[in-house]
Structures are given as structure tokens and as C-alpha cells.
Amino acid sequence: MAVLAELARLVAFPTVSNRPVTALAAHMAERAEALGFRVERFDSPTEEGKTNIVASIGPAGTDGLVLSGHMDVVPTEGQPWTSDPFAVTERDGKLYGRGTADMKGFLAATMEALSRIPSSAYKRELVLVWTHDEEVGCVGSGHLAHSLEHAGRTLPEACLIGEPTDFQVLRMHPGHVGVGVDISGAAAHSSRPDLGINAIVGASKVVESLQELAKELEEETRLEAFLERPWVAFNVAKIRGGSAINIVPDSCRVELGYRPLPGMEATDVYERVAERLRSLDLGAATATADLIRVTPAMLTRDGTELAGLLEPHALPCDRPAASFATDGGNLAKVGAAPLIFGPGSITVAHQADEWIATADLIRAVDVIEDVVRTRCC
Ligand SMILES: [Zn+2]
């Protein structure tokens, strides 16, 4: 089966997020070019060896379909793998290897499906969006959305993100925002604490105030019918301050993360953190907040045309919400109304001996071919 060989090729690129993705990106670009696609590369403005691929075929601007996936994978170090994670091995109807489920299986199935469709068949545009660094906060799609927005470009509304959902259609997920708080004081000899301003003592007041905010957020539930935990999860995660036991510390940094719910503006809670810091009495110390990273939440309305196209292929699900974030939140900023749907299970993703069922991979090829033909041909 050609799709098995292609998956083996993709898995053999060790595209862990802390390594370059360019070799795999070049491969994906070449394959698309060979099928008649127009290919663009969007290099990361901040990091070498990182690039997004956007490839399109069919009449431009005809609002056809986006198929999207990430090219990076999570690390394997320290995990008890039975076989080489970067060489696909088949045992008992399952294909083992890093990324088989999350989500090189979808990439391989897409390219195999498209190889069955002649380039002259497209009446509407099909756009492939292959991203880098999804696993470290949807960084690649963030850059891409920014570039497209800047150029006044939009993506087709129908947008399929092929993350492993066991063929369930999910239309929402929370985001993830990282915030740092720097508390500044003044150093002094520890024999004269009255001459200094202790930043760690200031930080303790900041942390207390942040915990009050966490409690407030727990009361502000929404989308209760769809989410298992329908409030903003908030976590004070890191603290660093002080340099020696005999010095009054002049600085301390606290870092926290929170998960905005579907439909929430990613930075709303950040604004509330900043507001709390402004009104907090820290004596002579000061505290200022900065955004470390922003992965937006996603909320696509029920009953889109793409949902209708996927329905005959989809398995029923209790809740149409993913617990994990995807590139969809960023792609939604440039016109897409993403749905998450793909082969493989999120429960085996990021684990040792990650796998996808051979039958599911083969089925994915047929499903993608059908969706593309119905929407674009
Ligand atoms: Zn993924």
C-alpha cells in the first residue's frame, strides 16, 4: 500500500519540535508540486530551520477547502519504546512510530488521497496548510496567520484539521496562554532588611491575588453541555527569585498558564491579571505582567457545510470538544471555520509505542478523497 510507504517516509524525518523541520517541509512541498499544486513557504521570522508550507490547487479565491496538519512531533527521550520510534513497524494490524497518530498518518493519507485526483478536476480551490511547532504552542500557525492577515489574505471557511480524533468531529477546544509577572524591589544587606524592598515577599502577595482570580474564574462557567471542565483552568507554574541567603532579593518572577475556553478572547484573563497587579498594594515593590505565549481557543458553530460532508464518515461522540489545543484557533483568525477530525487516537499520542490502526489509515485515504471530491471537484 502506497500510504503505508509514505507514512514510513514521513515518520523517518525526526521532526521533534526542538529540531529543524525543513527536510520534511521540503518533502511535503515536492509531493504537492508533483501533483500540480502552487507551493509557498513561510519561514519562521524568529527561528532557523522552521517553515510552514501552504499549497493550493484549483481556481484561487473560490472558497473551497483547507486540509491542515502539523509536521512536528513530541520528543521520545526517556520513553520505553519497544521499537525505533522513527522507523514504522507493523505488529497485529497496528503501525507503531512517533507521529503515526499525531499526525503524520493524516499527512500521508492526504497525499495518497490527492494522488488519486487529477489536477484538472478542481473546480474550487483546495489549500494544504502544513505547520511547524504545533506541539510547543501552535507557534507555526501563529506566525502563518499573522503573515496572511498582514497580506490581507484569507483561507477557505471549510477547514479540516486532521488531528487524531478516532474519526469523531470536534468543533471546539480551549486555548493556552502563558503569562510572566516580574516583581521588582531593591537589594540590601540582609542585616538591614529595612533598607531593601523584598521582591519575594511582594511575589507572595501577587500569588495570593492570582489564586483569588483562579477562584473567580472557576465560578464563571460556560458551555457546560459541551465541556467536562467548563471554566478557565489557571495554574501558577514557576517561580524564581533571590540570589543569596544574606541579600534582600530585588527581583522575583512568577509564571502562570491558563486555558481560555472556546469562544473566549485569549488575552481577556491576561488583562484581568494586569488589572489586579495595578490595584495590588505591594508597598514600594512593583509588579508588571508580560505575555509569554498565546494559543487561542477554537469555537466553530454547529452545522457548517463541512460538518455535513464529514457526517457520513464520522463516528458519534458525546461531546464535540477536544481537550487539547490545535492550529485551528490561529487559522480561524484568517477566515477558517475549522473542524477537527482524523484517524488514530489522542490517547496514544505523545506516548511510547504510539500507533495507528492500519485499517484506519487506509480508511482515512478514502474519507479524504471523498471529502475533497465532494467539496472541490
Ligand atoms: Zn497533534
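This is a predicted model: local features need pLDDT of at least 70, side-chain atom pairs count only at pLDDT 80 or more; totals for chains, interfaces and linings use all residues.
I began with strand β9 (residues 176–184), which 9 bridges join to β14 in an antiparallel run; strands here are DSSP runs of E of at least two residues, helices are runs of H or I of at least four, and both are numbered from the N terminus. I counted two strands as paired if DSSP finds at least two bridges between them. Within this pair I looked up I183 and found its bridge partner in β14 to be A287.

Residues are numbered from 1 along each chain as its sequence is written.

**The four-stranded sheet**

I then followed the open sheet of 4 strands, whose order is β11-β13-β9-β14 with antiparallel pairing. β11 (233–241) and β14 (286–295) are at the edges with a single partner strand each, so one side of each has no neighbour in the sheet. Neighbouring strands are turned against each other by 20° on average, direction ignored; for such angles I took axes as lines fitted to C-alpha atoms, for helices over the stretch in contact, with angles from 0 to 180 degrees between N-to-C directions.

Helix α6 (residues 268–279) lies across β9, β13 (251–259) and β14, and runs at about 175° to β14.

**α5 with α6**

The axes of helix α5 (residues 199–219) and α6 come within 10 Å and cross at roughly 140°, and that makes the two helices oblique to each other. I used these classes: under 35 degrees is roughly parallel, over 145 roughly antiparallel, 65 to 115 roughly perpendicular, and the rest oblique. On the α5 side I listed V206, S209, L210, L213 and L217, which meet V269, R272, V273, R276 and L277 of α6. By class this contact has 7 nonpolar, 1 polar and 2 charged residues, where Ala, Val, Leu, Ile, Met, Phe, Trp, Tyr, Cys and Pro count as nonpolar, Asp, Glu, Lys and Arg as charged, and the others, Gly among them, as polar.

I next turned to an open sheet of 3 strands in the order β4-β5-β17, with antiparallel pairing. Its edges are β4 (89–91) and β17 (355–357), each with a single partner strand, and the twist averages 30° from one strand to the next. β5 (residues 94–96) pairs with β17 over 3 bridges, and L95 has I356 as its bridge partner in β17. α3 packs on this sheet, touching β5 and β17, at about 50° to the direction of β17, while α9 touches β4, β5 and β17 at about 65° to β17.

Which residues of α3 meet α9? I found G105, F106, A109, T110, E112, A113 and L114 in α3 against L361, A364, V365, I368, E369 and V372 in α9, a contact of 9 nonpolar, 2 polar and 2 charged residues.

**Domains**

Lastly, I checked the domain assignment (automatic or from a database), which gives domain 1 (2–173 + 297–376) and domain 2 (176–295). Their centres, taken over C-alpha atoms, are 35 Å apart.

Terms used:
Two residues are in contact if their C-beta atoms, placed from the backbone, lie within 7 Å.
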